[in-house]
Amino acid sequence: MTRNKALFIGAIINFIISVGHLACLGCLQRMFLIYDIADEMNGFTESCGTNFPYIITVIIALGFIACGIYGLSACGKIRRLPLLKLGVFAIAAVFLFRALWGISIMIDSFTIIELSSTLVSAVVGLLYLYGGVKNNNMKK
């Protein structure tokens with residue numbers, strides 16, 4: 001796989017994850033139950049207001065969009081963004097950290113939901129890491 005293809009695939013996955021988050025806005029309580037975070041989100045709702053879960057979900061979706069845009073920039077599909085190299089490696093680090101965290105969670109309580117989240121995080125992190133290490137366009 002070429003570096004540009006790795007970054008492009010990572011970017012597309014980020015956009016898909018973002019759309020998934022936005023699509024869940026209409027059924028957040030159900031999604032919180034599925035992901036076993038209903039108690040935490042209900043606590044946030046009590047202390048921060050009823051709109052808090054929606055605001056956080058939109059912010060998370062925007063974060064995935066930003067990651068996707070940086071991936072597209074690094075593979076040359078759009079103009080070069082500032083701090084591109086730092087951005088790509090920071091994205092890789094965050095996703096790989098999320099994958100490691102997911103593995104630690106699954107040691108105590110394995111779920112298919114956590115396995116899928118952990119695997120997707122690992123794949124995206126490795127795509128950005130590989131693309132970043134092999135990408136000569138970011139060395140400017």
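This is a predicted model: local features need pLDDT of at least 70, side-chain atom pairs count only at pLDDT 80 or more; totals for chains, interfaces and linings use all residues.
How do H1 and H4 run relative to each other: roughly parallel or roughly antiparallel?

Two packed helices are described by the angle between their axes and the distance between the axes. For H1 and H4, the angle is about 165° and the axes lie 8 Å apart. Angles over 145 degrees count as roughly antiparallel, and H1 and H4 are therefore roughly antiparallel to each other. The crossing of H1 past H4 is left-handed. On the H1 side, the residues making the contact include Leu-7, Phe-8, Ala-11, Phe-15, Ser-18 and His-21. H4 contributes, among others, Val-58, Ala-61, Phe-64, Ile-65, Gly-68 and Leu-72. Sorted by class, the residues of this contact comprise 15 nonpolar and seven polar, with no charged residue.

I now move to the largest pocket. The space within this pocket amounts to about 1200 Å³. Its lining consists of 30 residues, and those nearest the centre are His-21, Tyr-35, Ile-37, Arg-98 and Ser-117. Two or more lining residues come from each of helices H1 (3–23), H2 (28–34), H3 (38–48), H4 (52–74), H5 (84–108) and H6 (112–134). H6 supplies the largest share, with six residues. As to class, 18 lining residues are nonpolar, eight are polar and four are charged.

One residue links the two parts of this talk. His-21 belongs to the contact of H1 with H4, and His-21 is also among the residues nearest the centre of the largest pocket.

Definitions and conventions. Residues are numbered from 1 along each chain as its sequence is written. Side-chain values use heavy atoms; hydrogens and water are left out. On a 1 Å grid over the protein atoms alone, a cavity is a set of points where a 1.4 Å probe fits but cannot get out, and a pocket is an open set with protein on both sides within 12 Å along at least five of seven lines; lining residues have an atom within 4 Å of a point. Grid points are joined across faces, edges and corners, and a volume is the space filled by probe spheres set on the points. Helices (H or I, at least four residues) and strands (E, at least two) are DSSP runs, numbered from the N terminus. Ala, Val, Leu, Ile, Met, Phe, Trp, Tyr, Cys and Pro count as nonpolar, Asp, Glu, Lys and Arg as charged, and the others, Gly among them, as polar. Axes are lines fitted to C-alpha atoms, for helices over the stretch in contact, and angles run from 0 to 180 degrees between N-to-C directions. Angles under 35 degrees count as roughly parallel, over 145 as roughly antiparallel, 65 to 115 as roughly perpendicular and the rest as oblique. A crossing is left-handed if the near helix is turned anticlockwise from the far one by less than a right angle, and right-handed if clockwise. Contact means heavy atoms within 4.5 Å.
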